[in-house]
Each structure stands twice: as C-alpha cells, then as structure tokens.
Amino acid sequence: MPHSSHSALTSAPLKPSILTSAPLASATLRAGVPNHLHASSLFEVSAVTAEIAKTLAATAVERDRAGGHAAAERELLRDSGLLTLSIPAEYGGLGAPWPQIFQTIRDLAKVDSALAHVFAFHHLQLAGVQLYGDKTQQRTFFTNTVNNRWFWGNALNPLDKRVVAHTLADTATEAITETSDGEYKINGIKSFSSGSVGSDLLTISAWHEASQSPLIAAIPSNRSGIQINPDWDAFGQRQTDSGNVVFTNVILHKGEILLAPGTAATAQASVRSQVAQLIMTNLYLGIGLGAFDEARRYSRDEARPWFASGVQSTVDDPYIQHRFGSLWLLLRPAIALADQAAEHLQRVWNKGEAITVQDRGELAISVAEAKCLSHQAGLEVSSQMFDITGARSTSARYGCDRFWRNVRVHTLHDPIDYKLRDLGRYVLSGSLPEPTPYS
C-alpha cells in the first residue's frame with residue numbers, strides 16, 4: 001500500500017502523551033532546503049509561494065501529460081513550511097488568516113492546479129480538526145503535523161454511504177462496528193480521495209446505520225487494513241491522487257474520532273463546507289488567471305498577427321485587445337468576490353462557538369456568489385484563450401489544453417445550477433441555503 005515514508009504513526013492510537021512540551025517551531029528547516037524555498041514566518045509566504053510556483057511551472061506541462069503521483073513536487077511543498085500555513089501559531093504553525101491561505105492556493109493554481117488542489121485539501125483537513133476536534137485532539141494533530149511535516153489526505157464525504165454501519169453481531173463487510181471502549185471498526189470504499197496517495201494522515205467519514213449519521217475521524221494512512229489505490233484516471237487534475245481508498249476491518253481509536261455518530265450539528269462545524277467551497281473557488285480562479293497569463297505570454301512572444309489585421313504585432317490587433325478586455329471583465333469581478341468571501345469567512349471563523357445559523361447562512365451566500373463567478377470565468381477563459389492564440393497554440397508542447405481540462409473536471413464537483421438556485425431563492429425570498437456538505 002502506498003504511503004509516505006515520513007509517517008511517524010503506526011497502528012497505535014494517537015495519545016496526548018506523544019506531544020512535546022515545547023513543539024518544534026515551523027521555522028525548523030530540513031538540511032539541504034534552500035532558505036528561499038522555506039517560509040519561517042507569514043512575511044515570507046508570498047515570496048516562497050512565488051519561488052515554488054516557478055519551480056512547478058517548469059515541469060507542469062510534462063507532469064500533466066504523465067499524470068500519476070507527483071512525489072518530488074509534494075516533497076517541495078513539504079519542505080516549504082507551507083503545510084503549517086493554517087495551523088494556529090500556538091501549536092507551532094504559521095497561523096495565517098484565511099485570505100492569505102486562499103491567495104496562496106490561487107497563486108499555485110495559476111501554474112499547477114493539481115498540486116494546488118492537493119495542497120489546499122491538506123489545509124481543508126486541518127480546518128476539519130479545528131471545527132470538529134476538541135482541544136486535546138487539536139494539540140495532538142497540529143503539533144505532530146508541524147514536528148513531523150505531515151501531509152494530510154482526504155477520504156471524507158458524508159454523502160457517500162458505501163461505508164455503512166451494522167450491529168456488532170453483523171459480519172457484513174461494509175460496516176462500522178463499535179467496541180465497548182469507544183473504538184470503531186470500518187469497512188468499505190471511498191472515492192475521490194484527494195491527496196490520499198503519499199499522505200501521512202487521512203480524514204475519513206463513514207456512515208453509522210443505527211444513528212443514521214456520519215462518523216468523522218483522522219487516522220494514519222498506513223493503518224492496517226487501509227489500501228490507497230493510485231487509480232485516478234480523469235482527463236483533468238491528473239496529479240491530485242484522487243482515487244479510491246479501501247478500508248478492511250480498520251480500527252478507529254477513541255482519540256481519533258473527531259465527530260462521533262449522533263453528534264448534534266452545530267453552525268460552527270457546518271462552516272467546513274464553506275472552507276471547501278472557497279478552496280474550489282480559488283482553484284477555478286487560479287486556473288482562469290493562469291490561462292489568461294499564458295494567452296498573454298503567447299500573444300506577446302509567439303503569435304503571428306492575422307494577415308488582414310494590418311498590424312505588425314498580435315497585441316496591436318484591436319480584435320485581440322477586445323478579447324483580452326472581455327476576458328478580464330470575467331476575471332476581475334471573480335477576483336473581487338473571492339477576496340470578499342475570504343474576508344467574510346475570516347470574520348465568521350473568528351466567532352468560534354458563537355457562530356450562529358444566520359452567520360453561517362450569510363457566509364454561504366457570499367461563497368456561492370464567488371464560486372459561481374470563478375466557475376464561469378475559469379471555463380470561459382480557458383476555452384476562449386484559443387480564439388486569441390490560434391491554431392499553433394494547440395501544439396502539445398504548450399499544454400494549453402490543461403487549463404480547460406483541469407477546470408472542467410473540477411467544476412463538476414457539485415452542480416453550479418444548485419448554487420444559482422440558492423442565490424435565486426435568496427434574492428427572491430431572503431431564504432438562506434440549507435447547510436449541507438456542498439452548500
């Protein structure tokens with residue numbers, strides 16, 4: 001079973017006693033990593049992100065063509081210190097605000113949306129620990145993530161009920177079984193498990209039949225009974241390691257349960273879906289901006305003006321200028337709404353347990369607005385760029401098609417029509433979206 005050699009966990013349960021009284025600071029730099037590729041403070045994040053983006057861009061076309069697991073590039077992210085970006089400073093992390101986290105995701109997505117996706121979903125799992133976990137679990141998982149440079153993967157989808165619950169006497173294969181001391185045994189399969197290959201920890205969900213509710217936990221990726229399959233074969237986002245994870249009699253220890261079956265829903269916990277939706281917003285927006293940048297570079301450096309244009313340079317063609325102006329008017333409002341939604345999330349996040357249903361609902365509207373515009377901008381720019389760049393730009397050596405393929409695959413995560421419906425209901429009646437894993 002593939003898993004990262006960096007994992008310090010075995011099948012033993014996580015316990016608070018594994019914490020050190022003085023966790024290693026996020027500034028700790030592994031030997032041989034250049035300083036300009038490692039962020040030790042929030043002031044260095046932007047510069048380090050730019051350097052990493054430059055490195056990823058150099059091989060992005062080739063790696064997109066090859067697909068598979070980007071092991072070396074994930075090590076680059078691991079070494080960068082950016083895996084601690086969302087971890088609170090009290091646990092040794094960089095403690096970045098959400099607007100800075102989303103900007104980092106967007107900047108990476110401009111050049112490599114697959115690696116940006118894996119990076120973003122790592123931080124989504126950490127957000128889940130903050131929203132679902134207690135203080136002991138937060139200290140355990142966060143401190144060890146900093147100290148051991150853990151990379152988190154996702155096997156959580158509460159709507160996927162192929163891992164279901166049975167009683168102790170039931171020997172059916174797809175089951176959650178609870179033992180007397182609060183442990184669980186799970187069986188089944190999870191799809192779309194982004195970042196699972198090469199991960200150190202997984203956030204998982206399973207369906208508890210008796211309570212008709214989900215269980216959410218965080219467990220080592222190398223736990224006995226876990227098989228992580230590198231079988232992702234979509235035509236886009238090809239290096240997101242989003243294949244299937246199979247669980248066979250996997251034990252979940254009590255301290256690993258972030259959300260026990262039957263736990264009453266809270267407005268605070270439901271904010272996780274808004275973090276996820278804003279991650280996608282910034283991935284789509286990053287892809288659109290990346291396509292725009294590539295179309296501009298090609299037009300300036302390689303394109304030939306159309307014979308009837310009467311100009312010497314493509315960028316002087318008024319129709320090309322018109323196209324760029326039109327595409328920018330798709331991107332600019334998407335940027336504005338994405339930034340506003342990130343600030344909105346931060347305000348709500350800061351309320352902690354005091355978050356109300358109204359707070360959460362108003363945030364969901366802001367996020368839906370931003371996501372719809374980024375969805376549309378990403379698809380339009382990545383498609384219309386070819387009307388600007390022309391036939392020669394379709395050569396495989398440029399890899400320009402990757403922008404459309406990546407955003408097309410990722411925008412299918414959840415239907416935009418239901419976001420538009422939610423917005424329509426809001427403007428017509430003032431009703432806020434129903435909290436779900438997607439809204």
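Here is a short chat that walks through some features of this structure.

User: Before we start, what kind of model is this?

Analyst: It's a predicted model, where local features need pLDDT of at least 70, side-chain atom pairs count only at pLDDT 80 or more, and totals for chains, interfaces and linings use all residues. Residues are numbered from 1 along each chain as its sequence is written, and side-chain values use heavy atoms, with hydrogens and water left out.

User: How many helices and strands does the protein have?

Analyst: Helices (H or I, at least four residues) and strands (E, at least two) are DSSP runs, numbered from the N terminus. Here you'll find ten helices and eight strands.

User: What does "buried" mean, and what share of the residues counts as buried?

Analyst: A residue is buried under 20% relative accessible area, exposed over 50%, and partly exposed in between, using a 1.4 Å probe and protein chains only. Of the 439 residues in this protein, 55% are buried.

User: How do I read a sheet, and what is the strand order in this one?

Analyst: Strands of a sheet pair through backbone hydrogen bonds, either parallel or antiparallel. Two strands count as paired if DSSP finds at least two bridges between them. Here, four strands make an open sheet in the order 1-4-5-8, with mixed pairing. At the edges sit strand 1 (152-155) and strand 8 (257-259), each pairing on one side only. On average, neighbouring strands of this sheet are turned by 25 degrees against each other, direction ignored.

User: Which way do strand 1 and strand 4 pair, parallel or antiparallel?

Analyst: They pair in the parallel sense, over four bridges. One of the partners to look for is Leu202 in strand 4, which is bridged to Gly153.

User: How many bridges join strand 4 to strand 5?

Analyst: Eight, and the two strands run antiparallel. Leu201 stands opposite Pro220 in strand 5. The two strands form a hairpin with four residues between them, and Gln212 in the turn has a positive phi of about 50 degrees. Strand 5 (residues 213-220) is also joined to strand 8 by two bridges, again antiparallel, with Ala217 partnered by Ile257 of strand 8.

User: Are the residues of strand 4 buried or exposed?

Analyst: Eight of its eight residues are buried. On one side you have Leu201, Thr203, Ser205 and Trp207, and on the other Leu202, Ile204, Ala206 and His208.

User: What can I learn from two packed helices?

Analyst: Two packed helices are described by the angle between their axes and the distance between the axes. Axes are lines fitted to C-alpha atoms, for helices over the stretch in contact, and angles run from 0 to 180 degrees between N-to-C directions. Contact means heavy atoms within 4.5 Å. Residues making this one include Trp98 and Phe102 of helix 3 and Ile335 and Trp349 of helix 7.

User: Why does Ile52 count as buried?

Analyst: Ile52 counts as buried because its relative accessibility is 0%. Its place is in helix 1 (residues 45-66). Leaving aside neighbours within four places in sequence, Ile52 is in contact with Leu37, Leu76, Leu77, Ser80, Leu82 and Leu108.

User: And why does Asp359 count as buried?

Analyst: Asp359 counts as buried because its relative accessibility is 12%. You'll find Asp359 in helix 8 (residues 357-389). Leaving aside neighbours within four places in sequence, Asp359 is in contact with Val348, Lys351 and Ala354.

User: What is a cavity, and how many are found here?

Analyst: On a 1 Å grid over the protein atoms alone, a cavity is a set of points where a 1.4 Å probe fits but cannot get out; lining residues have an atom within 4 Å of a point. Grid points are joined across faces, edges and corners, and a volume is the space filled by probe spheres set on the points. A search of the whole structure finds three cavities of 30 Å³ or more. The largest cavity has a volume of about 140 Å³. Of the 15 residues that line the largest cavity, the closest to its centre are Asp112, Ser113, Ala114, Arg402 and Asn406. Helix 1, helix 4 and helix 9 (401-410) each supply at least two lining residues.

Key: On a 1 Å grid over the protein atoms alone, a cavity is a set of points where a 1.4 Å probe fits but cannot get out, and a pocket is an open set with protein on both sides within 12 Å along at least five of seven lines; lining residues have an atom within 4 Å of a point.
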